[in-house]
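I opened this notebook to record what I looked up in the structure, entry by entry. The sequence and the model come before the notes.

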Amino acid sequence: MSEPLLSLSGVNTYYGESHILHDLGFDLRKGEVVGILGRNGVGKTTTLQSILGIPAPRSGEIRFRGETISGLPTHDIVSRGVGWVPQGHRIFPTLTVVENIELAAARSRPGSWTAERIYEAFPRLHTRRDARGGSLSGGEQQMLAIARALVQNPELFLMDEPSEGLSPLIVQEIGALIKRLNAEGNTILLVEQNLAFALSISHRILIMAKGAIVYSGKPDDIRDDPDITHRFLGVGTAAAD
Ligand SMILES: Nc1ncnc2c1ncn2[C@@H]1O[C@H](COP(=O)(O)OP(=O)(O)OP(=O)(O)O)[C@@H](O)[C@H]1O
Ligand SMILES: [Mg+2]
């Protein structure tokens, strides 16, 4: 089989003296949607940020498209095709929708997504194009955050809790958008706390605890065995550990 699109092996990441990721390893194949689940503070965001080199792992290796990227500066990693949709749908609140997208597009790789195509795909962003980022609804901000990554034409999307803080209807919309991006050939690594949402859009699920992967399986395996979510996520049981 060909080399995975992304692979992490033996990754150890620290914040100062705090050891957060412990020999973390997993692979992602081109075209996959993989969901990382785990409780608060287990290192999900740190995993995505380690891929981007903020902070870079202290040891271990991260490979992307057959090349080692661990140790490279973040702008170099991004320019190789890693798209970043940060937690809390971070955008520039004082800039308009158009300005937010233009700023991202200025650093874009060649590809099929242009600002014009973005507005076709996100009619709501087009309607709100002159509004400031901070005045958008949570759902609109999340769409803008995804649009900012998309216009850079990445090969891999890192999405950090895209459903966080959004109403069920908007979560459905974001899910449909992620499925569509995947149907167009995009590979997506998704961090989530919303179990049902992650199961509905992922091909494969990784569960993290204390900075390491403790479970890997298909959404159906997890649906068929509620004990997995009890044990690793504490879902459905008051006294889970
Ligand atoms: N900038 C930082 N400096 C020091 N410690 C940090 C920093 N960012 C995160 N941490 C710590 O690292 C650990 C992992 O944090 P991380 O944000 O990766 O967790 P998470 O799984 O994404 O959690 P959440 O579900 O709350 O988003 C936590 O103990 C957190 O307090
Ligand atoms: Mg996080």
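**Entry 1: Ligand 1**

I began with Lys44, where an N or O atom of the side chain is 2.7 Å from an oxygen atom of ligand 1. I note at the outset that this is a predicted model. I then looked up two further contacts with oxygen atoms of the ligand. A polar side-chain atom of Thr46 lies 2.5 Å from an oxygen atom of ligand 1, and for a polar side-chain atom of Gln193 the distance to an oxygen atom of the ligand is 2.6 Å. On its own, ligand 1 has 630 Å² of accessible area, of which the protein covers 59%.

I next listed the surroundings. Ligand 1 is surrounded by 13 residues, and the closest are Gly41, Lys44, Thr45, Thr46 and Gln193. I sorted the shell by class and found seven polar, three charged and three nonpolar residues. Which element gives the most to this shell? It is α1, with three residues.

**Entry 2: The magnesium ion**

I turned to ligand 2, a magnesium ion, and looked up its donors. The ion is coordinated by OG1 of Thr45 and OE1 of Gln87, at 2.0 to 2.4 Å. The two residues come from distant parts of the chain, 42 residues apart: Thr45 belongs to helix α1 (residues 44-52), whereas Gln87 sits in the loop between β6 (82-85) and α3 (97-105).

**Entry 3: Helix α1 and what follows**

Is α1 largely enclosed or open? I found eight of its nine residues buried, so the helix is largely enclosed by the rest of the structure. The buried residues are Lys44, Thr46, Thr47, Leu48, Gln49, Ser50, Ile51 and Leu52.

After α1 comes Gly53, which has a positive phi, near 80 degrees. Further along, I noted a cis peptide bond between Ile54 and Pro55, with omega about -5 degrees. Pro55 lies in the loop that runs between α1 and β4 (59-64).

**Entry 4: Positive phi at residues that are not glycine**

Arg65 is not a glycine, yet its phi is positive, about 50 degrees. I located Arg65 in the loop between β4 and β5 (67-68). Its relative accessibility is 40%, so Arg65 counts as partly exposed.

His89 is likewise not a glycine and has a positive phi, of about 30 degrees. I found His89 in the loop between β6 and α3, the loop that also holds Gln87. Is His89 buried or exposed? At 12% relative accessibility, His89 counts as buried.

**Entry 5: The sheet**

I examined the pair β4 and β5, which run antiparallel and are joined by two bridges. Phe64 has Glu67, in β5, as its bridge partner. The loop between these two strands is where I had placed Arg65.

How values were computed:
Residues numbered from 1 in each chain as written. Chains lettered and ligands numbered in written order. Predicted model: local features only at pLDDT ≥ 70, side-chain atom pairs only at ≥ 80, totals over all residues. Heavy atoms only, no water. Donors = N, O, S within 2.8 Å, 3.2 Å for Na, K, Ca; no water. Helix = DSSP H or I, 4+ residues; strand = E, 2+ residues; numbered from the N terminus. Near = heavy atom within 4 Å. Polar contact = N/O pair within 3.5 Å; in protein donor to acceptor, adjacent residues only side chain to side chain. Areas by Shrake-Rupley, 256 points an atom, 1.4 Å probe, with all protein chains shown as cover. Nonpolar A, V, L, I, M, F, W, Y, C, P; charged D, E, K, R; others polar. Buried < 20%, exposed > 50% of the residue type's maximum accessible area, 1.4 Å probe, protein only. Pairing = 2+ DSSP bridges.
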